[in-house]
Amino acid sequence: MNLDLTDIKILKLLEKNSRLPIRQISQEVNMSQPSVKQRIEKLEDNNIIKGYTINIDFKKSGFSLPFFIALKDLKIHYDVFSKSLKNFSNISKIYSLTGKYNYFLKGYCKNLDELEKILLELKKYGEAETYLILDEIKNNNLL
């Protein structure tokens, strides 16, 4: 699917606020509400819009220890390991990589004890390198 300028404007608006009413989007892009609704449905049908999420402030919700973990030298098959990663509730994002590391994980813990438990479990699978996130400098959308 090729995106035109109107599609991109709609996506930008939804990136900023996925709960924006169609009425307001239609005013912003100068189109009728049914046309905007149809475009959004087409973006969803083509998996350009994969879902609608919220942006949580994890520190305010009690998870004050954000981290990255880089994994390499896996001792088990990729498919088995990928499935097992889904059981880690403190890990919010999982990336499969090329290069030195096989995986890069992002997660949040309440304290160092929780992080240590995660690391002990992950070290069964391969070598883990941990990075504590001190501050998030930039977190904005692509469009």
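Which hand does the crossing of helix 1 and helix 2 have, left or right? Before we answer, a word about what you are looking at. This is a predicted model, in which local features need pLDDT of at least 70 and side-chain atom pairs count only at pLDDT 80 or more, while totals for chains, interfaces and linings use all residues. Residues are numbered from 1 along each chain as its sequence is written, and side-chain values use heavy atoms, with hydrogens and water left out.

Let's start with the two helices. Helices (H or I, at least four residues) and strands (E, at least two) are DSSP runs, numbered from the N terminus. Two packed helices are described by the angle between their axes and the distance between the axes. Here helix 1 and helix 2 (residues 22-29) pack at an angle of about 135°, and their axes are 10 Å apart. That angle makes helix 1 oblique to helix 2. Axes are lines fitted to C-alpha atoms, for helices over the stretch in contact, and angles run from 0 to 180 degrees between N-to-C directions. Angles under 35 degrees count as roughly parallel, over 145 as roughly antiparallel, 65 to 115 as roughly perpendicular, and the rest as oblique. Now for the opening question: the crossing of helix 1 and helix 2 is right-handed. A crossing is right-handed if the near helix is turned clockwise from the far one by less than a right angle, and left-handed if anticlockwise.

Methionine 1 is partly exposed, with a relative accessible area of 41%; buried means under 20%, exposed over 50%, and partly exposed in between (1.4 Å probe, protein chains only). Met1, Leu3 and Ile48 form a nonpolar patch on the surface, and together they have about 230 Å² of accessible area.

Now let's turn to charges. Side chains of opposite charge can pair when their charged atoms come close. A salt bridge here is a side-chain nitrogen of Lys or Arg within 4 Å of a carboxyl oxygen of Asp or Glu, and by this rule the count comes to six salt bridges. One of them joins the side chains of arginine 39 and aspartate 4 (3.0 Å, N to O). This pair links distant parts of the chain, 35 residues apart: arginine 39 is in helix 3 (residues 33-45), and aspartate 4 is in the segment before helix 1. Arginine 39 is partly exposed at 21%, and aspartate 4 is partly exposed at 32%.

Another salt bridge brings together the side chains of glutamate 127 and lysine 72 (3.8 Å, N to O). Glutamate 127 is in strand 4 (residues 127-132) and lysine 72 in strand 1 (residues 65-72), so the pair links distant parts of the chain, 55 residues apart.

Finally, visit phenylalanine 88, in the loop between helix 4 (78-85) and strand 2 (91-96). Phenylalanine 88 is buried, with a relative accessible area of 13%. Phenylalanine 88 and leucine 105 are 17 residues apart in sequence and 10 Å apart in space, C-alpha to C-alpha.

Note on methods:
Patch = residues over 30% accessible without salt bridge, like charges linked within 9 Å, V, L, I, M, F, W, Y side chains within 5 Å. Areas by Shrake-Rupley, 256 points an atom, 1.4 Å probe, with all protein chains shown as cover.
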